[in-house]
Amino acid sequence: MTRFTFYAIVVCVVVGASAVSTQVSKAFTPFSPILASANTGNEASGQRSASSNSQSDAAKRRAGSITGRLVDESGQPIPNAGVYVRKAGPVSGPSRSLGTDEDGRFRADDLAAGAYSVSAYVPGYVPATEAVEREYYRAGEVVNLRMMKGGIITGTVTNSSGEPVVGVRVSLVRVRDGESRPIRGVGQSGGGRQTDDRGVYRIYGLAPGTYLVVAGGGGQMGFSSSGYDSDVPTYYPSTTRDAAAEVVVRAGQETTGIDIRYRGDRGYIVSGTLSGSLGSDSGMRGVLLMLSHTASSALESRTFVQPRVGRGFALYGVPDGDYELVAQMDIGTESSAASTPRHVVVKGSDVTGIELSLVPLGSISGRAVLENIPEVERASECKSKRITSLDELVLTARRDEKPGAKDPPGVGVFAANEGSPDEKGEFKILSLAAARYRIEMRLPGEDWFVRSLTRAGPPVSNQNDVAAAGLGLNTGQHITDLTVTLAEGAAALRGKVIPASEGSRLPAQLRVHLVPAEPESTDDVIRFFEARLDSEGAFSLTNLAPGRYYLHVRPVSDDQLMERNPQPLVWMATARAKLRRDALAANVLIELQRCQRVTEYVLKYTSAPARKAESKKTP
Amino acid sequence: MRTLSRSVAFASMLVLYSTISIPSSIAQDSKKEPAGSITGRVTLGGKPAPRVTVMLAPANRALQQPPPARATTDEEGHFKLKALPAGSYTVLPHTPALVVAAETSMAQPGKTVTLGDGEEVEGIDFSLVKGGVITGRVTNAEGRPIVEQHVNLIRVDERGQRVSTPYFNQFMFSTDDRGVYRLYGLSPGRYKVSVGDAPDSGMVRIGFGGGAYPRTFHPDVTDESNATAVEVSGGGEATHIDIKLGRASKSYVATGRIIDSDTGKPLANFQYGYGPITPEQRMTGGFGWTGNRTNNIGEFRIEGVSPGRYAAFAVATEQVDFYSEPAVFEISDSDASAIEIKVRRGSSISGVAVIEGSEDADVLARISKLELRSYVQTEDLAAPAMPAIRMNPDGTFRITGLRPGKVRISLNTFGYEAAKGFSLMRVEREGAAQRDGIDVVAGENVSGVRVVIGYGTCVVRGQVRVQGGELTPDTRLRIMARRLESDSMPASTVADARGRFTIEGLLPGEYEITLNPMFVTPSSPGAPPPPSRLPNRKPVKQNVTVANGVETEVTLVLDLAAKDKDGEK
């Protein structure tokens with residue numbers, strides 16, 4: 001949406017401006033709809049070559065290269081595009097800014113050991129497959145990025161006399177993705193475009209999905225210079241957010257005639273003062289304020305305040321409604337802070353005198369260790385093992401919420417919530433608001449599995465408490481004693497699900513579950529595994545702890561179908577127990593040995609009539 | 001990278017409005033509604049312009065300031081902005097597709113009005129004409145659209161020479177997914193349209209690893225003098241102003257290390273940037289950085305570098321105790337490696353700052369909100385200046401990381417309310433004023449420096465009377481107030497549409513008020529500014545004595561008939 005090259009000019013003001021930009025950039029990460037993430041396919045894993053990690057100290061951190069190719073939907077190379085390689089961890093700038101050559105190829109050499117995400121920027125294009133989870137690559141891997149032409153929404157904005165409204169910003173709110181799953185949380189989809197002298201706007205590079213189109217509003221992020229900043233935004237066709245008409249965008253298609261009759265109603269002011277953990281108020285550090293709708297969590301307005309300039313804040317042009325207001329700063333850094341959400345009701349008048357106090361955000365840190373392997377077992381070490389190092393691991397702290405729970409407004413939405421160990425295995429996940437978290441792990445290669453997730457001190461129960469119950473984090477708390485123990489010798493299970501009776505077809509959205517068979521593992525969440533089936537019915541489960549499992553196939557629940565990135569079923573004790581009962585009833589048992597690679601496993605699916613009674617909830 | 005794209009958006013926004021000044025808020029005192037008002041009339045092509053939005057904003061624009069107040073013109077084109085407190089304002093019609101006739105102004109078009117308490121100002125009229133449009137399509141050699149490319153506009157005279165360009169909406173200069181651009185609201189005139197990077201821009205690109213398009217003018221020429229000047233009339237539309245770009249040039253990577261000059265050890269976790277240098281080994285002023293830091297063996301990596309000569313340096317966004325020697329490198333047709341940026345431990349200046357001119361505890365307490373800047377004069381190629389520092393509540397301060405040279409200390413009064421009324425009076429070392437700066441040698445820690453900051457509430461209100469002719473619309477009257485027998489920086493302002501001006505926050509004493517008429521010389525976005533023109537005329541001067549809390553009236557007479565002997569070339 002924005003121009004990519006950056007021309008910095010002249011002296012001190014620019015110094016400040018760029019410093020500010022760092023803050024803001026962190027804040028804005030999820031707004032950008034234009035970036036490709038790598039395909040979630042297996043194409044990338046084709047060449048997991050060994051990397052040398054046994055050399056001199058400096059060279060040791062050099063794991064090698066990530067290479068790849070960027071193509072369009074017809075497989076044609078996209079030349080001279082920007083490709084960004086970012087090391088996993090707290091939000092920061094890209095590790096590498098690359099350009100593609102005439103053949104669409106790119107190459108990042110001399111990368112330090114680590115896990116990297118790879119994305120491309122092609123104006124007007126979107127990723128061919130929308131990745132819900134970030135994909136990571138390690139040195140030696142090949143990345144295939146596929147982009148397709150994005151959709152377009154175009155129309156005019158006119159006033160009540162039918163005259164064009166010139167220079168008003170038109171932006172989009174993406175409410176559902178291309179598969180009709182709701183976009184949760186802050187759904188604003190980019191900075192939008194201004195209308196021209198004819199009132200015409202054209203917004204391009206859109207991912208498939210359902211959008212609301214809105215003229216004006218959105219808040220000020222710098223100087224106010226437009227004549228529309230104190231107006232209430234007008235949603236297509238000429239209404240408020242609640243009554244807005246939805247616009248469907250299909251891949252690469254142009255949706256025309258989305259004409260807006262601009263109302264130009266004066267909005268209200270929501271204002272107050274910031275206090276609390278603002279650090280030293282020197283420099284150009286800034287606080288981002290976000291006002292989002294209580295019901296939908298969608299962003300209504302935002303602004304940016306530099307405490308150095310003044311601690312007062314004000315959001316203009318706010319329509320009547322129920323909102324949550326949060327302030328945050330330095331997200332992704334050690335000094336990150338945020339306010340607790342403040343409920344704000346705007347009804348017919350300005351809301352003033354709001355005091356927002358920022359408190360430091362919490363963190364989870366600890367150590368990843370590789371379990372010592374007894375000499376006896378060493379003999380049976382897996383063959384064709386990839387040499388892997390701990391710093392190629394990625395840990396993500398994910399909120400553990402009741403299904404259907406609303407996203408908390410604002411706080412943390414812009415944080416990556418991820419950490420990656422250094423060469424000593426030490427990791428840190430920053431900028432975490434108070435919540436219950438689960439630690440999700442993305443392991444390099446297929447040889448490791450997660451043995452345990454523990455904290456120092458005696459375990460609360462006989463089970464591994466972190467793995468079973470997650471981690472409760474209080475406001476500003478720093479948990480520092482998490483130990484992730486990994487072990488070598490993981491097993492893998494690949495195969496196919498077929499219908500039990502010949503001639504019948506598999507229902508869509510099936511999942512294969514592995515349920516630990518040992519009775520003492522009932523609550524050992526890290527021993528549960530699940531995988532979705534591809535269109536051929538094939539599945540792949542890797543990084544499995546050796547042991548005995550029940551195999552079970554079942555359709556994804558309606559609730560989970562409505563989620564873009566549903567949280568694993570087994571996080572909830574009741575769901576876990578039910579899954580276990582079903583798996584026991586199905587009674588398909590498998591024992592996986594160290595390093596065992598089971599392939600071409602065939603699993604029969606019988607639809608269980610009892611399943612009908614399963615949870616029926618409002619989407 | 002997504003983070004970067006956003007950072008670009010915001011940074012460039014700030015860059016465009018690089019004047020940050022004290023926010024003078026439009027007070028909203030509900031008890032006593034202010035009685036000031038500004039009225040005027042808006043016409044379009046000589047006829048009344050109804051339903052035009054007229055905006056009013058403080059004359060000094062600042063961050064965190066409310067959106068402009070507004071009024072709408074009636075059927076006769078009249079507008080009235082009411083309930084205004086005294087202050088200095090900019091009034092302008094918000095008509096992006098129309099242009100103010102004969103108006104050429106910089107970032108802020110419109111008229112400045114200095115409004116007294118309860119004053120009713122009339123006759124702030126605007127005569128508009130329809131703007132012109134230039135539209136076309138930008139493609140590559142194969143005819144594929146070039147998306148999201150910035151379009152540059154240069155206004156030229158009959159001979160093709162660059163002339164000043166009025167203010168434009170900065171959001172319209174990008175091509176869309178079809179490669180189409182549409183520039184509107186253009187003052188009638190002649191324009192050259194180009195796309196791509198100018199070789200002499202003096203700027204650098206960061207955060208993009210791809211190649212750059214060479215600057216290409218319509219119709220597909222790279223030489224500015226061969227470009228076709230597009231004629232734009234009021235309300236007219238110049239179409240098919242297409243540009244076909246050549247192949248993007250390859251960009252390169254510059255790598256190296258940042259090392260401690262004393263120990264030779266690599267320095268990890270340092271930020272770094274780079275900028276172009278001139279053949280005279282000077283930085284052009286343009287530079288950029290991404291926020292990336294050196295790795296644990298001190299290595300840095302700068303991507304997307306176009307051929308040219310550059311200097312790389314360590315960047316500090318907070319006060320540090322080092323400075324870096326810029327490392328010069330050149331890129332022609334391959335990557336540059338083994339560049340070594342040497343970081344040296346800097347000298348320091350410490351001391352205490354005191355406020356003179358007030359006993360008010362609230363005023364004295366504001367010392368911890370004030371910022372000191374330091375600038376080192378040097379003949380060498382130097383990295384960009386350090387950020388400003390804050391003083392402690394007791395007034396003590398310490399500036400570190402200074403390179404050797406003559407260090408000038410200044411008070412940073414831009415950007416925040418807390419600095420209002422303060423100005424730097426002098427800097428003393430061992431009781432002696434240091435007018436030319438403080439000499440600091442390598443490794444020296446200068447202590448006992450006294451920074452004397454004055455606080456004043458004096459106000460000069462003035463009126464410029466123009467005789468013997470009329471000012472051209474592109475003339476601005478700049479007023480400077482210089483305190484006699486002091487080292488403080490002069491305060492300045494620009495007279496409003498009625499020739500009025502106000503300078504506030506002056507220290508008590510005798511001032512020389514100088515009036516300098518000047519022509520505004522704005523530049524179009526993305527293009528270097530045209531040479532500035534100054535009227536060849538003696539400034540009008542007058543001395544006044546001001547006192548705290550007192551408004552002093554001044555009248556300055558500008559006689560246009562009385563020309564200098566060697567004036568008007």
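**Reading strands, a helix and confidence**

Mentor: Start with chain A. Strand E39 (residues 589-592) and E38(A) run antiparallel, joined by four bridges. This is a predicted model: local features need pLDDT of at least 70, side-chain atom pairs count only at pLDDT 80 or more, and totals for chains, interfaces and linings use all residues. Residues are numbered from 1 along each chain as its sequence is written, while chains are lettered from A and ligands numbered from 1 in the order in which they are written.

Trainee: How do strands pair?

Mentor: Strands of a sheet pair through backbone hydrogen bonds, either parallel or antiparallel. Here, two strands pair if DSSP finds at least two bridges between them. Strands (E, at least two residues) and helices (H or I, at least four) are DSSP runs, numbered from the N terminus. In E39(A), Leu592(A) is the bridge partner of Gly547(A). Strand E38 (residues 547-555) of chain A also runs antiparallel to strand E35 (residues 510-516) of chain A, with seven bridges. There, Leu514(A) stands opposite Leu551(A).

Trainee: In what order do the four strands of the open sheet in chain B lie?

Mentor: The order is E22-E19-E26-E24, with mixed pairing. Strands E22 (299-305) and E24 (322-325) of chain B are the edges, each pairing on one side only. E24(B) meets strand E26 (residues 336-345) of chain B in the antiparallel sense, over four bridges. One pair is Glu325(B) with Lys342(B) in E26(B).

Trainee: Which residues of H6(A) are buried?

Mentor: The general idea first. An α-helix has 3.6 residues a turn, so residues three or four places apart point the same way. A residue is buried if 20 or more other C-beta atoms, placed from the backbone, lie within 10 Å of its own, and exposed if 12 or fewer do. In H6(A), the buried ones are Arg576(A), Leu579(A), Arg580(A), Ala583(A) and Ala586(A). They fall within an arc of 125° seen down the axis, so they line one face of the helix. That arc is taken from the directions from the axis to the C-beta atoms. The buried residues pack against E35 and E38 of chain A. On the face turned away sit the exposed Thr574(A), Arg581(A) and Ala585(A). Asn587(A) follows H6(A), with a positive phi near 55°.

Trainee: What is the mean pLDDT of chain B?

Mentor: pLDDT is the predictor's confidence in each residue, from 0 to 100. Chain B averages 83, and 86% of its residues reach 70 or more. Over residues 1-30 of chain B, pLDDT stays under 50. The model scores ipTM 0.84 and pTM 0.85.

Notes
Contact = placed C-beta atoms within 7 Å.
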